[in-house]
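Hello,

Here is the structure we talked about handing over. Please have a look, then read the notes below.

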Amino acid sequence: MHRFANPTRFLRLAAAVLPFSAAVAALCLGAGVVWGLFFAPPDYQQGDTVRIMFIHVPAAMMAMGVYAGMAISSAIALIWRHAVADLIAKASAPIGATFCFICLVTGSLWGKPMWGTWWVWDARLTSMLIMLFIYLGYMALWQAFDDQTKAARAAAILALVGAINLPVIKFSVEWWNTLHQPASLITMSGPKIHESLLWPLLLMIVGFGAYYLTVLIYRVRAEIHMRRTRMLRLAQADRHAAMQAAE
Amino acid sequence: MSRTFLMLVRRDLLLARRQGGGSLLSITFFVLVVSLFPLGVGPAPETLERIAAGTIWVAALLSVLLSLDRMFQADLEDGSLDQLALLPLPLSLVVLAKTIAHWLTTGLPLTLAAPLLGLLMQLSPDAYGALIAAMLLGTPILSLIGAIGAALTVGVRRGGVLLTLIVTPLYIPVLIFGVSAAEAAAQGFSYSAHMLFLSAILSGAIVIAPIAAAWALKLALD
């Protein structure tokens, strides 16, 4: 792990991984979308609306998975002052927030034909919404500091506090939901999923994961280059000032 | 060590009293927000009774949020935070002392004002005990979690809005258990489970929040 605290080494590893992750993402997403949208049979109860699942479920899994990854890299960054781990956490947040948003939008689109309304205060919808707010708070905290090392540490503390809190929030929302809502709404967890729908779903999940990895690599790489450019510009300005003073 | 700790609590209480108005303002805001609800949803007693506990909790939560941004800000501005960091006391205990003082000047007065608002909102007579007990357990959690947010945003421009954005999602479990305790009591059920959950969250927060807030404060100090 410490080998990759050096950005140059990380960039070399990233360049090696990138073609594979991009290829896996393109193949799985392409195959999964075609299979899921055109070849998988419609559900016997939900008809064609079940196809929303192929976007919705992987997005939900990734929204949670990305937060877990963010919390782990924040812990690594805080404990070992690992420079690249900070960048990974920072680069992950907008991706995770987007997955979270996609999950909410597709859930809402799915809810309209199934539940007859765009939004219900279902336990899972509610905890996803709260998770989106936590992502947004995390991103806003990064923006608030001028000093990037301070921003990184503050954001890492928040990510960890959020990680401790998320299970409590999830649990409390489920508890609240069972008290307030009739259970009739939650028909989604009904029959076990059939094989003909399972395979395209698995393909999409792998595809979403690989897509995340690909975008993450691009974002971390951009961040490293941006910081280097800034350092070079600062050095240039220093030289310039020194030369002017000498004249 | 405990003497220093108590002196810190007393210092903050004294500051709050001399600067004046802090708790009174929170309580006024609390009453004001609650009194907006009958205007918003209509004065029908059944409606008010249905939303009473939730309204009181949401208003209390907002009042605590408003009071958070001064928690460390004043000490940072006049330099006393640097002095506090030099104390032989660990910074996490300094944070805990300030959090206790914050609770005594906001959470506790809000809890004491809650029965009056219960009257205004037609709260069911059976729910008063549960509401007060839940607020006594819940408002310290609000101060503790708030301390983390306040410490993270202490040196930041426009920290106030950011603070609310960070802290509000973390307050949701307290709101849920607090309101459902009062609702369970109103319907004649036992509310001990809600109390146990609030106690569990409080015990966790007492351990974790001062440490996390102290880490965050160290950032503002270097």
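**Helix packing in chain B**

α2(B) and α6(B) are roughly parallel to each other, a label for angles under 35 degrees, with over 145 being roughly antiparallel, 65 to 115 roughly perpendicular and the rest oblique. The axes of α2 (residues 22–41) and α6 (residues 91–120) of chain B come within 9 Å and cross at roughly 30°. Axes are lines fitted to C-alpha atoms, for helices over the stretch in contact, and angles run from 0 to 180 degrees between N-to-C directions. Helices (H or I, at least four residues) and strands (E, at least two) are DSSP runs, numbered from the N terminus.

Among the residues making the contact are I27(B), F30(B) and V34(B) of α2(B), and P109(B), L110(B) and A113(B) of α6(B). Contact means C-beta atoms, placed from the backbone, within 7 Å. The residues of this contact divide into 9 nonpolar, 6 polar and no charged. Ala, Val, Leu, Ile, Met, Phe, Trp, Tyr, Cys and Pro count as nonpolar, Asp, Glu, Lys and Arg as charged, and the others, Gly among them, as polar.

**Model and confidence**

This is a predicted model, where local features need pLDDT of at least 70, side-chain atom pairs count only at pLDDT 80 or more, and totals for chains, interfaces and linings use all residues. Residues are numbered from 1 along each chain as its sequence is written, while chains are lettered from A and ligands numbered from 1 in the order in which they are written.

The model scores ipTM 0.88 and pTM 0.88. Chain B averages a pLDDT (the predictor's confidence in each residue, from 0 to 100) of 90, and 99% of the residues score at least 70. Within chain B, confidence is lowest in α4 (residues 70–77), at a mean of 86, and highest in α7 (residues 128–152), at 94.

**Chain A**

Chain A has 6 helices and 0 strands. Its C-alpha atoms fill a box of roughly 80 × 40 × 30 Å, taken along the principal axes. Just after α2(A), R81(A) takes a positive phi of about 50°.

**Interface**

How many residues of chain A are in contact with chain B? There are 24, against 20 residues of chain B. On the side of chain A that touches chain B, α4 (123–144) and α5 (148–180) of chain A each supply at least two residues. The largest share, 15 residues, comes from α5(A). That side divides into 19 nonpolar, 3 polar and 2 charged residues.

Best wishes

Conventions:
Contact = placed C-beta atoms within 7 Å.
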